[in-house]
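Please read each point with the structure in view.

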Amino acid sequence: MTTILEETTYAHTAPTAMAHTTKATKINVNNLNLFYGEKQALFDVCLNIQEKEVTALIGPSGCGKSTFLRTLNRMNDLIDGVKVSGEIVVDGENIYTSQDVIKLRTRVGMVFQKPNLFPMSIYDNVAYGPRMQGVKNKKVLDALVEESLRGAAIWDEVKDRLKTSALGLSGGQQQRVCIARAIAMKPDVILMDEPTSALDPISTLKVEELISQLKEDYTIVIVTHNMQQAARISDKTAFFLNGEVIEYDETDIIFQTPNDARTEDYITGRFG
Ligand SMILES: Nc1ncnc2c1ncn2[C@@H]1O[C@H](COP(=O)(O)OP(=O)(O)OP(=O)(O)O)[C@@H](O)[C@H]1O
């Protein structure tokens, strides 16, 4: 098994993959290409995602951010005609050669752009995944629901209405319940695809604060169009353009002293 969990400074041949770091690697992406039918959407992506950090994916519309995010838990497998080559190694295991996609999606959870709660109670939404995995004991479920809602910083707001419909919550509250639902599966990694784009500024701030707390326990990869958000909450930032990673580095470097003129043009608003 590849020993990628060692303390390491990653030195991949692709210059775009060099994020200077001493943290442990959680996800190691090598020469990843993805095609939708004939159309190539990702080109030789190499990225080294660190454990218990927030990694932001930025870039103009259509540059492949969401496509890349979805490769990390094989969500693209659900789309007809998708072909993937290259390697994604999570905790030493190549996720594209391993057969257990259900287990992968338990370890690598996902939160989408719009809150997508089920039309059922708050409690049942959070308990849904664990129940599907066979957890039946009420005490165990009660504890898991509480722990997950606390972890998503929404417990105090919903503890007296757990049995009421989750769809009665505000958008920002619903998104935090979505995060609780992801946490309830006890993942290691949480993927977030523009999780605040449908939220008002106050709810956005709450979710951003939550993300900053969650990185104590989880590895987070987030797609965002909001440059300030990437700068505020992420440790590393990858800039995508036309399906390629142009630059990947410490967030401060990307936003203050980027190496590539295209990164600078994008973050200063000259295109995109
Ligand atoms: N299901 C699909 N079938 C065919 N092509 C797709 C599909 N999903 C995305 N694409 C194409 O792949 C490219 C990358 O799209 P993707 O959604 O990953 O970009 P993005 O950077 O996340 O964009 P945005 O910021 O607008 O969400 C685009 O050209 C898009 O049209």
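Which residues of helix 3 (residues 122-132) are buried?

1. The coordinates belong to a predicted model. In that model, the buried residues of helix 3 are Ile122, Asn125, Val126, Ala127, Gly129 and Pro130. An α-helix has 3.6 residues a turn, so residues three or four places apart point the same way. The cover over the buried residues of helix 3 includes helix 4 (138-151), helix 5 (155-158) and helix 6. After helix 3 comes Gly134, which has a positive phi near 105°.

2. Around the ligand stand Tyr36, Lys39, Ala41, Gly59, Ser61, Gly62, Cys63, Gly64, Lys65, Ser66, Thr67 and Ile79. Sorted by class, this shell holds four nonpolar, six polar and two charged residues. At least two shell residues come from each of strand 2 (39-50) and helix 1 (65-71). Helix 1 contributes the most, with three residues.

3. Strand 2 also takes part in a hairpin. Strand 1 (residues 25-36) pairs with strand 2 in the antiparallel sense, over eight bridges, and Asn28 lies opposite Asn48 of strand 2. Two residues separate the strands of this hairpin, where Gly37 adopts a positive phi near 60°.

4. An open sheet is built from six strands in the order 6-7-8-3-9-10, with mixed pairing. Strand 6 (108-111) and strand 10 (244-250) are at the edges with a single partner strand each, so one side of each has no neighbour in the sheet. From one strand to the next, the twist averages 20°. Strands of a sheet pair through backbone hydrogen bonds, either parallel or antiparallel.

5. Within this sheet, strand 7 (residues 189-193) and strand 8 (residues 219-223) are paired in the parallel sense over five bridges. Val189 is placed opposite Thr219 of strand 8. Helix 6 (residues 171-183) packs on the sheet and touches strand 6 and strand 7. The direction of helix 6 makes about 170° with that of strand 6. Helix 6 is also among the elements covering the buried residues of helix 3.

6. As to annotation, an unreviewed UniProt entry carries "domain: ABC transporter" over residues 27-267. Across residues 27-267, the model is 37% helix and 27% strand. The end C-alpha atoms of that stretch are 26 Å apart.

Methods
Residues are numbered from 1 along each chain as its sequence is written. This is a predicted model: local features need pLDDT of at least 70, side-chain atom pairs count only at pLDDT 80 or more; totals for chains, interfaces and linings use all residues. A residue is near a molecule or strand if its C-beta atom, placed from the backbone, lies within 6 Å of it. Helices (H or I, at least four residues) and strands (E, at least two) are DSSP runs, numbered from the N terminus. Ala, Val, Leu, Ile, Met, Phe, Trp, Tyr, Cys and Pro count as nonpolar, Asp, Glu, Lys and Arg as charged, and the others, Gly among them, as polar. Two strands pair if DSSP finds at least two bridges between them. Axes are lines fitted to C-alpha atoms, for helices over the stretch in contact, and angles run from 0 to 180 degrees between N-to-C directions. Two residues are in contact if their C-beta atoms, placed from the backbone, lie within 7 Å. UniProt positions are given in the numbering used here, feature names are shortened, and annotations may be inferred rather than shown by experiment. A residue is buried if 20 or more other C-beta atoms lie within 10 Å of its own, exposed if 12 or fewer, and partly exposed in between; C-beta atoms are placed from the backbone.
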